Structure formats: C-alpha cells, structure tokens
Amino acid sequence: MSEASIRKANQLAHKHGIDLSKLPKSLDLTVDNITEVVHAANANCQDERLRFIFKSLVNHLHNFARETSMTTEEWVSAIDFLNNTTRKGADIREESILVLGVLGLLTLDETLNNPTVPGATEGSLLGPFFATNTIEFQNGESIASEGKGEYLWVEGKVLDTKGNPIPNCAIDTWETDGDGLYDVQYDAGGTTDCRGRLHTAEDGSYCYRAVVPVSYPIPGDGTAGQLAKALGRHLFRPAHLHMVLEAEGFEKLVTALYFKGDPYLTSDVTFGVKSSLVVEATIEMDPEVARKRGFREAKEHEVVRYDFVLATAEEAKEAKEAKRRAGLKAQANFAA
Ligand SMILES: [Fe+2]
C-alpha cells in the first residue's frame, strides 16, 4: 500500500472516529483462538449487560460450530431457514415465535422470567393467538356461540396466597373451537368467538359457558412446521384454555389449563404443560343443571373447576429480585 493510500485510509478512520491504535489485533485466526479475538473486538461495548449477553452468545455459537463441524451446505440451509422464518407468513402470524416454541425457548423464557411465588398458580405460554379485541361477558354467560363445540362449564375462584378472594379480577380467556381452530385463524380481525373477558364477583368467584377445546397442530406450512417434521416431531399442542388474570395490586398471570387424559399432554410441541395446570373435567349429567347454567340444549356437559392463586405485586417483585440477584452473580462469575 502506498504511503498516500495509507494516509488516506487513516484520515478516513479518523473521520469515522475509529482509534486504530486501541483495537485488538485480529490476524491469522484459528479455530482455537477466534473466540477470544471476537470477545476482544466487542470489549469496547459500553453497555455492560449487552457485552455480557454477547460474550455468552459468541461463546455458545462458536462452541456450537466447533462441536458440530457443520458443512457449508448446512450453513446455507440454516441461513435460508432464518430468512424464511422472518418472511414466511409474516403478515398473518409471527413464525419466529413458533420456531422458538418448537425449540423450547418460549417455555424456558417464561419459566426463567416468571419465578413462581410459593402457593401461587404457575404461568404458561401466551401463544400467538391472544387478541386485544375481545368481548366483555358477565359471569354465567357464554364465550362461545352455539354450535362451536361440545358444551363446557368453567368455574372457580381467584384467591391471593393467603386464601382471600380477589374481587373484580379481570379474566381474559380464549380457546379453540371443536375443530381445533381459534377465531383469528378463520379471519384475523373478524368475528370474535370462543374468547372473552369477565370479572370475578365479590367472593372471587367466576363462571362461564364455553366449548370443550381440542388438541390442535401449530401451523405446519412455515419453517416451524418444517423444523418439527425434520426433527421427527409431531405438531400438536394438547387441548387447553388460555387465561390471563389481572387484578389491581397483583402480579398479572398468563397461564392456561390443560385437560387430564389428553393424549398430547406429555408431548406438547411447545413444551408448555405443567402438571399443576392440568384439570380433570367431570361430566354433569343432570339436564336441569344444564338448563340452569343456560345451555341451549339441556344435556350432559363437561365441567372444569379451577381456583387461581395470584401473587401480590410485592411478592412477585421479591421473587424476581431474588432471581435477578442470582443472574447478576452468574454474570459476575462469567466476566471474572
Ligand atoms: Fe393455544
């Protein structure tokens, strides 16, 4: 390189605020030393948390590459996969969420970030079919229109960790119909069905009519479906009722109820089931009870009863703080 060219390059670096004298040397990298050199290149990052996250990420990615010795063709197909994940169906659903679900990362994230307060109900996945446009219902009303599935009656209470009822707790609930589809899958932004919001009564109780949800496959026409199939997995989630509970002074609870006996209970494609959230539906045979509950046909129906326990905001904060301190300890050990 001529002296003039070198001078020009140095001027350009100066113009961009790059102090070349302070940069770590990156030359003749090998399989064994490249990780440390990348760490050194990132060492000027001023955000300590970001620096820590990327140090760990680079470590894991490099170790992954060394461990698997992936071929160039395999890397190309991995890049195609990532590109297709962001593109495919982006207008109707978030495919990347499904991919993370298949890989168990959604459940891992949910569990890591929502430490359960002793006695409080455990959380579960929100899933991609939550919708903000919902309908307000009174206790005893139906969230599902007639003909959407087999009759189901859902009831229970919402309590604090000391057993006191929580009145006026908002419960958002949504489920598949009897064909295993959510309303938004028929027509995004269209008719709301099998979905609703109600509030607990003074004694913390809630009850509503619904339909028996069924196990369903996550959409299989995108990369998440391709990945599951390639890994020899099925695409099904066991039947469930989604629930989000919110009450003033309490930690918001995102959870779901699963049904005992569901054949997919222990092989959920997104790993979301917790045994504390599995309910055993009973059968109500008395037609008079069905009539009183407001079902159009006075016939036998399934009944699910579940009492939710919410942690106070303070209890949840303490649990999260303990988790955060443990995380910071790990971060400090890692950086040392
Ligand atoms: Fe779901």
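This note goes through the predicted model point by point, from the overall build of the chain to single residues.

1. Overall build. The protein chain is divided into domain 1, residues 3-50, and domain 2, residues 105-316, and the centres of these two domains, taken over C-alpha atoms, are separated by 52 Å. The C-alpha trace spans about 95 × 45 × 35 Å along its principal axes, and the radius of gyration is 26 Å, whereas a compact globule of 336 residues would have a value near 20 Å. Of the 336 residues, 26% count as buried.

2. Secondary structure and contacts. The secondary structure of the chain comes to 10 helices and 12 strands. Among contacts between residues at least 6 apart in sequence, 70% join residues that are at least 24 apart.

3. The annotated region. The UniProt annotation, from an unreviewed entry, reads "domain: Intradiol ring-cleavage dioxygenases" and covers residues 127-310.

4. The five-stranded sheet. An open sheet of 5 strands runs in the order S3-S2-S7-S8-S9, and its pairing is mixed. Strand S3 (195-199) and strand S9 (278-279) stand at the edges with a single partner strand each, so one side of each is left without a neighbour in the sheet. 

5. Pairing within that sheet. Strand S2 (residues 170-175) pairs with S3 in the antiparallel sense over 5 bridges, and S2 is also joined to S7 by 6 bridges, again with the strands running antiparallel. Thr 173 can be followed in both directions: the bridge partner of Thr 173 in S3 is Gly 196, while in S7 Thr 173 stands opposite Met 243. Further along, strand S7 (residues 240-246) and strand S8 (residues 253-259) run antiparallel and are joined by 6 bridges, with Leu 241 having Leu 257 as its bridge partner in S8.

6. The nonpolar cores. The largest nonpolar core has 44 residues, and those with the most contacts inside it are Leu 152, Val 158, Ile 166, Ala 210, Val 211, Leu 245 and Leu 310. At least two residues of this core are supplied by each of S1, S2, strand S4 (205-211), S7, S8 and strand S12 (308-310), and the largest share, 6 residues, comes from S1. Apart from this core lies another, of 7 residues, among them Leu 98, Val 102, Ile 218 and Val 269.

7. Leu 152 and Trp 153. Leaving aside neighbours within four places in sequence, Leu 152 is in contact with Ala 210, Val 211, Val 212, His 301, Glu 302 and Val 304. Trp 153 has its place in strand S1 (residues 151-160), and with 23 other C-beta atoms within 10 Å, Trp 153 is buried. With the neighbours within four places in sequence again left aside, the contacts of Trp 153 are Arg 209, Glu 284, Arg 293, His 301 and Val 303. The C-alpha atoms of Trp 153 and Ala 281 are separated by 9.4 Å, although these residues are 128 apart along the chain.

8. Helix H8 and the residue that follows. In helix H8 (residues 223-230), the residues Thr 223, Ala 224, Gly 225 and Ala 228 are buried. Just after H8, Gly 232 takes a positive phi of about 70°.

9. Asn 168 has a positive phi of about 55° although it is not a glycine, and Asn 168 lies in the loop between S1 and S2. Cys 194, also a residue other than glycine, has a positive phi near 55° and is found in the loop between helix H7 (183-186) and S3. Which of the two words, buried or exposed, applies to Asn 168, and which to Cys 194? Asn 168 counts as exposed because 12 C-beta neighbours lie inside 10 Å, and 12 or fewer is the cut-off for that class. Cys 194 is buried, with 23 other C-beta atoms within 10 Å, where the cut-off for that class is 20 or more.

Terms used. Residues are numbered from 1 along each chain as its sequence is written. This is a predicted model: local features need pLDDT of at least 70, side-chain atom pairs count only at pLDDT 80 or more; totals for chains, interfaces and linings use all residues. Domain bounds come from an automatic or database domain assignment. Two strands pair if DSSP finds at least two bridges between them. Helices (H or I, at least four residues) and strands (E, at least two) are DSSP runs, numbered from the N terminus. Two residues are in contact if their C-beta atoms, placed from the backbone, lie within 7 Å. The radius of gyration is taken over C-alpha atoms; the globule rule is 2.2 Å times the number of residues to the power 0.38. UniProt positions are given in the numbering used here, feature names are shortened, and annotations may be inferred rather than shown by experiment. A nonpolar core is a set of buried Ala, Val, Leu, Ile, Met, Phe, Trp, Tyr and Cys residues joined through C-beta atoms within 7 Å.
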